[in-house]
Amino acid sequence: MALYVKAAEILEKAEKKQGALKTLVYDSKFNNVKQLFALVFETHKFSAVLEEIISTTKLLKLTRLKLPQAKVLVYDLLLGHGLKCGGAWKAALLKNRARLQAALARIKVRQGVCNNQDLIPANGPQDQRPLPRYVRVNTLKTSVADTVDYLKREGFTYLGQARTVEDLTLKGTHFVQDMDIPEILIFSPKTDFHNHFLYKAGHLILQDKASCLPAHVLHPPPGSVVLDACAAPGNKTSHLAALMENRGRLLALDLDAKRLSTMSTLLLRAGVTCQTLRHQDFLKVDPQSAEYREVEYILLDPSCSGSGMVCLRDDSDTDPARLSSLAAFQLKCLKHALSFPRVNRLVYSTCSVHRQENEDVVSACLQENNHFRLVPVLPQWPEHGLPPLSQCLRASPSSTRTHGFFVAMLQRHSETEPMEPPAPVSVALGGSLSPSLSTPLVSVPESEVSDTEDQPEPTSDSTDQTGPGPALKKRRRKRKKKNKTSGASGLTTQ
């Protein structure tokens, strides 16, 4: 009974995007971890089929089970090695066995398959390749060099820094350093660190590379004031703290009290000390309040469809009504984030592959916030945002060997930003221009310069000491004549 209770609990958390299946299993402290993982992973693989069986047989109504519980029990009854529990649950499932088996048979006939494994939807050859195991070195507690040396002494083989995505296909004990985010080390897919000393001591964080992108791109400097708006489960928060070197203020919010409690434990293990955790709805935060008005950097990773998570894909990822609702919520969050008076830089990210939650949200927000603009990041990254938002980043199993992800960085720009100054008009009068005007000078014809400009009178040179010469007298007569003409026409000279 305990096995099914824990398996149902983990499935529910995974489907709510509260963590990866493997991490949730190993963090559960269950006695038989391998048995639990096998049940959870296999149930999740057949999730769509199991939901259809449960729905068509009306099992939830007949047994009063919750969906996650029903899924793990039906899996073991029909597709696994038989139920391993007794009591009311076993009795309820055995009572409905014939009904459940008939529903499974109908699905097989409809899909034209004989084997249970053929019921698993195929996502294409690229998606079927297992992703590498990514770990982030927690630089609050150790360094990349020290970690590499420790692992080499344990028998791992270090191959240096990767240069291309092809270098991330690893086997056995081989590992490399990432080419984009230097604190990430990459191992073969089956490498397990859940029981490793470095993980338990907080020196290593088990985090997909795509999930490391938001903090890496935002990169707040030490001493800054940073807001992680939707923070739990906390891996991105600990990454921000590492980049800040635990100096400054890191405000982390989440609406789920349980997730915030788990996050507190994670941050403690990671050695984070600059954080302030708040059980609070981000949309209800007052940007003008004393606690938040100094925020300079914001990481916004709101709830999304999770369609980029390889292990969490299902048909609900493409439900138009759900996507529309999520996009509206995400846009509201992004607008609110840009209303903080001193925010200079913001990163918006999702683990979704849908344009509706990504480029469309960013475009709609920028149309109403022209004091922010998109900033290009990681020009060497292999996949960028859908046109015209090529400044954004996208990640996918096929192009980057990670989960699907989207990242956009917005930066404030002032309406009074330096613009190309007009070329100043220069009057060639023998004076000097202000040193701040360094653009080329434009000469003005002498005819446009008033003859009564305040200039010194010409003086006689060394060959004319007795009085004005004929040329000077002639010029004075012309000036007097011109002044009379100007006075007669009512004009005044400056």
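Buried, in these legends, means under 20% relative accessible area, exposed means over 50% and partly exposed lies in between, with a 1.4 Å probe and protein chains only. The model is predicted, so local features need pLDDT of at least 70 and side-chain atom pairs count only at pLDDT 80 or more, whereas totals for chains, interfaces and linings use all residues. Residues are numbered from 1 along each chain as its sequence is written, and side-chain values use heavy atoms, with hydrogens and water left out.

**View A. Phe 156 and Phe 175 form an edge-to-face pair.** A search of the whole structure finds 12 aromatic pairs, where rings of Phe, Tyr and Trp (its six-membered ring) pair if their centres lie within 6.5 Å, and planes under 30 degrees apart count as stacked, over 60 as edge-to-face and the rest as tilted. In the pair shown, the ring centres of Phe 156 and Phe 175 are 6.2 Å apart and the planes stand at 85 degrees. Because Phe 156 lies in the loop between helix 10 (144-153) and strand 2 (157-161) and Phe 175 in strand 3 (residues 174-177), the pair ties together parts that are 19 residues apart in sequence. Helices (H or I, at least four residues) and strands (E, at least two) are DSSP runs, numbered from the N terminus. Phe 175 is buried, with a relative accessible area of 0%, and Phe 156 is buried with a value of 16%.

**View B. Phe 156 and Phe 193 form a stacked pair.** Their rings are 6.0 Å apart, centre to centre, with 15 degrees between the planes. Phe 193 lies in the loop between strand 4 (184-187) and helix 11 (197-200), so its pairing with Phe 156, in the loop between helix 10 and strand 2, ties together parts that are 37 residues apart in sequence. Phe 193 is buried, with a relative accessible area of 1%. Phe 156, Tyr 158, Phe 175, Phe 187 and Phe 193 form one aromatic cluster.

**View C. Strand 9 (residues 297-300) is covered on both faces.** Tyr 297 and Leu 299 on one side, and Ile 298 and Leu 300 on the other, are all buried. Two strands pair if DSSP finds at least two bridges between them; strand 6 (residues 225-228) runs parallel to strand 9 and is joined to it by 3 bridges, with Val 226 having Tyr 297 as its bridge partner. Strand 10 (residues 345-350) is also parallel to strand 9, through 4 bridges, and Tyr 348 is the bridge partner of Leu 300.
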